[in-house]
Structures are given as C-alpha cells and as structure tokens.
Amino acid sequence: MNWITALSKLQSKKRFKDRYQLSSSCQLQYRDFDAVAVQMYSTDIVTYYKDGRVRLSTGGHWTVTTKARINDFGPAGWHVWSDSRTYGDTWVLSEGYYAYSGNSKLYPFEDSVMIEADGSCDADPERLLEIKEEVRLARNERAREQSAMRRWVVWAREGKQPRKPITLDMIEEEANITVKMAKIRLYGLDRYLIEIKAEVIDTVAEYSLLRYRATDRVAEVWARNIVALRMVCPSTGMVYIHAVPPQFTKVVLALDWMFQTESYLERVQQST
Amino acid sequence: MTKLVRQGDLLFQRINEIDLGRNGKSSRRTILMRGESTGHAHRITEGEVVVLDRFGWRGEEGPPLNTYLDVQQAATVTHEEHAPVTLLPGLYEMIQAREFDYVGGIERRVRD
C-alpha cells in the first residue's frame with residue numbers, strides 16, 4: 001500500500017462515511033490535511049503522508065497481531081519481523097521481504113519510526129548490531145551459568161567433591177539457589193546449619209527443629225526454607241542432624257514423618 | 001499402644017502379624033543393617049531372631065521392601081555408635097529413618 005492506494009480506497013464506493021474497513025480490526029481514516037492512517041483499534045499503526053513519508057507505530061502494543069497488521073497494510077517493500085535468538089525482544093525493520101538475502105537493509109524497529117520518501121529510515125542501523133552483540137553475550141552468559149549449575153548438581157548427587165574444598169564463604173556468596181543447595185550438600189548440611197547458627201523453631205526433649213532461609217540473590221527473594229531435625233543421642237551425646245521437608249514446624253510431626261509412624265514421642269520406649 | 005524401640009536410624013515397631021507376600025525370605029543373619037558411609041552395622045549379639053525380608057517384583061536382586069524380626073528369645077542389638085537396645089520376644093517391623101534431599105527434592109533413606 002502507499003499514499004495513492006490508501007486515498008483511492010477512502011474515496012471509493014466501498015467506504016463508509018469517511019473511513020474504509022480494511023479488516024475486522026483495521027480501518028483507513030483521514031488524518032489532518034495530508035495524511036491517511038491505518039487505525040487498528042485505537043492506534044494509528046501506519047500513517048501515509050502525501051510527500052511519500054510513512055510512519056510506523058505500535059502505540060505500546062508490541063504484539064504479534066500488531067506486527068502482522070503492519071506487514072499487511074504497511075508500505076510495500078518493507079517488512080517487520082523478529083528473531084528472538086539473534087535480536088532478543090527487538091523487532092527488525094527490513095527493506096525487502098527476505099531479511100536474510102544479504103541485500104536487505106536492517107533497522108531496529110522503534111515506536112513511531114519514519115520511512116522517508118527516498119527510502120531511508122530514521123532508525124540507526126548500527127544500533128541493531130549492538131543489540132545483536134548484547135543478545136549473543138547474554139545468551140553465552142546464560143549457557144555458562146546453566147552449565148555450572150548442572151555441574152554442581154551432578155557433583156552433589158554423586159557425592160563428588162570439587163578440587164577446591166568448599167568453604168562457608170563460597171556458599172554465602174553463591175547467588176543461584178540451586179547451586180547453593182548443591183554446595184550445602186557437599187559441605188555437609190549438619191555442619192552448615194551448626195556453623196551458620198540456624199534458627200530453632202521448636203524444641204521437645206532432646207529434639208529440636210532448625211530452620212534456615214536460603215535466599216536466591218538472582219531472583220532477589222528468599223527462595224527456600226531448609227528445615228532439619230537435630231537429635232542428641234541420649235547414650236553417647238552425639239548430635240545428629242537430618243533434613244526434613246520444609247513445611248514442618250513441629251518436632252512431633254517431623255519425627256513422625258522421619259520414622260514413618262504416628263505418635264512417635266508417646267510410644268517410644270527405648271531410644272539410643 | 002504399641003511400643004517403639006529406636007537405635008540410631010533404626011526403629012523397631014511391635015506388630016501383631018507379618019505378611020511377606022509372594023516374595024519373602026527368612027534367615028538367621030546377625031547383621032540387620034550396615035551403614036553405607038561408615039561401615040558400622042546394627043548387629044544382633046544375643047538372643048534368637050529370625051529375620052524376614054519382603055522383596056518386591058525384582059525378588060532378591062533388589063533391596064527388601066520391608067524387614068521384620070521374629071524375636072524368639074530376648075535379643076540385644078548393638079551398634080558401634082549407639083548404646084545397645086533389648087528386644088523382648090515378639091514380632092517387630094524394622095523401619096529405617098528417612099530424610100529429605102533438598103537437591104533432588106525427594107526423600108531418601110538416612111545414610112549412616
């Protein structure tokens with residue numbers, strides 16, 4: 001479509017009053033003295049000017065339907081597309097339909113981008129190369145993080161110790177909650193809970209329930225409770241700490257879960 | 001109310017009857033459970049005990065699903081890290097303590 005085609009539609013017999021229905025959501029309307037706009041719902045997505053300029057806009061609605069309508073009713077020879085793997089969330093405006101032909105000029109699609117009558121665009125093509133590089137680096141960084149995460153989880157499951165012994169500082173500095181849990185397992189949950197002085201939430205006789213709130217600094221929220229049952233052996237005085245599911249807040253319930261029985265404390269006769 | 005006797009991570013619960021199902025095996029072994037990491041074992045040092053294991057579909061190739069004790073004469077169970085416990089004659093179910101694995105998000109048996 002161009003200015004002349006748009007104007008001819010608006011002046012044709014199929015118009016209704018001063019508008020022409022292009023599709024269920026889009027219609028052509030006059031704007032000012034020398035402009036005709038394709039209005040999608042309440043947004044002018046394409047505006048044709050008499051001097052040959054074309055303005056493309058989303059009005060803040062960065063949706064696939066908006067993109068499709070811009071391509072349907074936009075200027076001939078221009079195409080809007082996206083490639084999240086290469087350009088992330090940025091849409092690309094290309095002169096020419098086949099973006100990968102090598103001859104197409106590529107521009108970052110910004111809201112209210114203007115295509116001049118001579119075929120140039122007011123968007124900066126260099127910015128697109130910068131965006132491409134940023135997306136590539138972010139993807140590589142994410143892949144490295146996921147690889148490290150997988151490595152730690154496998155070590156924790158298999159009980160393999162890393163070459164550098166794990167320290168308390170290494171665990172505290174860890175930003176990712178999954179890797180933090182794996183490091184705690186390798187360090188020793190009982191040793192870790194004692195050294196960080198976990199909160200005691202319930203105590204009955206020689207049993208106490210400890211809780212530690214593990215935070216995820218990547219998500220910036222506390223992500224997981226670690227709850228463990230601390231038992232002191234009455235005969236030897238040795239302390240044993242075993243993890244229980246995080247929903248427990250009472251020693252009695254944790255003991256019943258641990259030994260798969262009911263009313264453990266009431267029924268136990270001998271305990272060593 | 002049935003009484004419980006605990007030694008470390010092993011709980012002995014008095015029961016009235018035993019159901020071994022289709023895959024059951026009885027023995028007079030003295031080692032009830034061996035620790036995976038320390039190698040310490042819960043051993044029967046005195047008394048007469050018949051150990052009954054109930055296996056799953058894999059039979060004896062897999063670990064027993066349940067273990068029961070038929071204590072015919074008062075028995076003493078010892079362990080290197082815990083004080084000995086005495087089991088009076090009767091039928092017992094042997095339950096191993098479980099703990100929660102925060103890495104895998106599942107429960108598992110306590111590793112002694």
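Me: Helices here are DSSP runs of H or I with at least four residues, strands are DSSP runs of E with at least two, and both are numbered from the N terminus. With that settled, where does Ser263(A) lie?

Reply: Ser263(A) sits in the loop between α8 and α9 (264-267) of chain A. A word on the ground rules: this is a predicted model, in which local features need pLDDT of at least 70, side-chain atom pairs count only at pLDDT 80 or more, and totals for chains, interfaces and linings use all residues. Residues are numbered from 1 along each chain as its sequence is written, chains are lettered from A and ligands numbered from 1 in the order in which they are written, and side-chain values use heavy atoms, leaving out hydrogens and water.

Me: Why is Ser263(A) called partly exposed?

Reply: Its relative accessible area is 29%. Buried means under 20%, exposed over 50%, and partly exposed is what lies in between (1.4 Å probe, protein chains only), so the label follows.

Me: And what makes the backbone of Ser263(A) worth a look?

Reply: Its phi is near 50°, a positive value in a residue other than glycine. Most residues other than glycine have a negative phi. Ser112(A) is another non-glycine residue with a positive phi, about 60°. Ser112(A) is in the loop between β8 (105-108) and β9 (113-115) of chain A, and at 33% relative accessible area it is partly exposed. Just after α8(A), Gln260(A) also takes a positive phi, about 50°.

Me: Over to chain B: why does His42(B) count as buried?

Reply: His42(B) has a relative accessibility of 1%, which puts it in the buried class. It is found in strand β5 (residues 41-54) of chain B.

Me: What makes the pairing of His42(B) with Gln7(B) a polar contact?

Reply: The two side chains come to 3.0 Å. A polar contact is a pair of N or O atoms within 3.5 Å; within protein, one must be able to donate a hydrogen and the other to accept it, and residues adjacent in sequence count only if both atoms are side-chain atoms. The pair therefore qualifies.

Me: Which elements build up chain B?

Reply: Chain B has 0 helices and 10 strands. Of its 112 residues, 48% count as buried.

Me: How do you know that chain B touches chain A?

Reply: Contact means heavy atoms within 4.5 Å, and 30 residues of chain B are in contact with 34 residues of chain A. The area buried between the two chains is about 2800 Å², with carbon and sulfur atoms giving 54% of it. In chain B, Arg6(B), Arg98(B) and Tyr102(B) lose the most area to chain A, together 30% of what that side buries. Buried area is the accessible area (1.4 Å probe) that two parts lose on being put together, summed over both.

Me: Why is the meeting of Arg185(A) and Asp101(B) called a salt bridge?

Reply: Their side chains come to 2.5 Å, N to O. Asp101(B) lies in strand β9 of chain B and Arg185(A) in helix α6 (residues 177-187) of chain A, so the pair joins two chains. A salt bridge needs a side-chain nitrogen of Lys or Arg within 4 Å of a carboxyl oxygen of Asp or Glu, so this pair meets the definition. At 9% relative accessibility, Asp101(B) is buried. The count between chain B and chain A is 1 salt bridge.

Me: What makes Asp51(A) and Arg53(A) a salt bridge too?

Reply: Their closest N and O atoms are 2.9 Å apart, which passes the same cut-off. Asp51(A) is partly exposed at 45%, as is Arg53(A) at 26%. Lys160(A) and Glu158(A) also form a salt bridge, with the closest N and O atoms 3.3 Å apart. Over all chains, the structure holds 17 salt bridges.

Me: Why do strand β14 of chain A and β1(B) count as paired?

Reply: Two strands pair if DSSP finds at least two bridges between them. Strand β14 (residues 268-271) of chain A and β1(B) have 3 bridges, in the parallel sense, so they pair. Gln270(A) stands opposite Val5(B) in β1(B).
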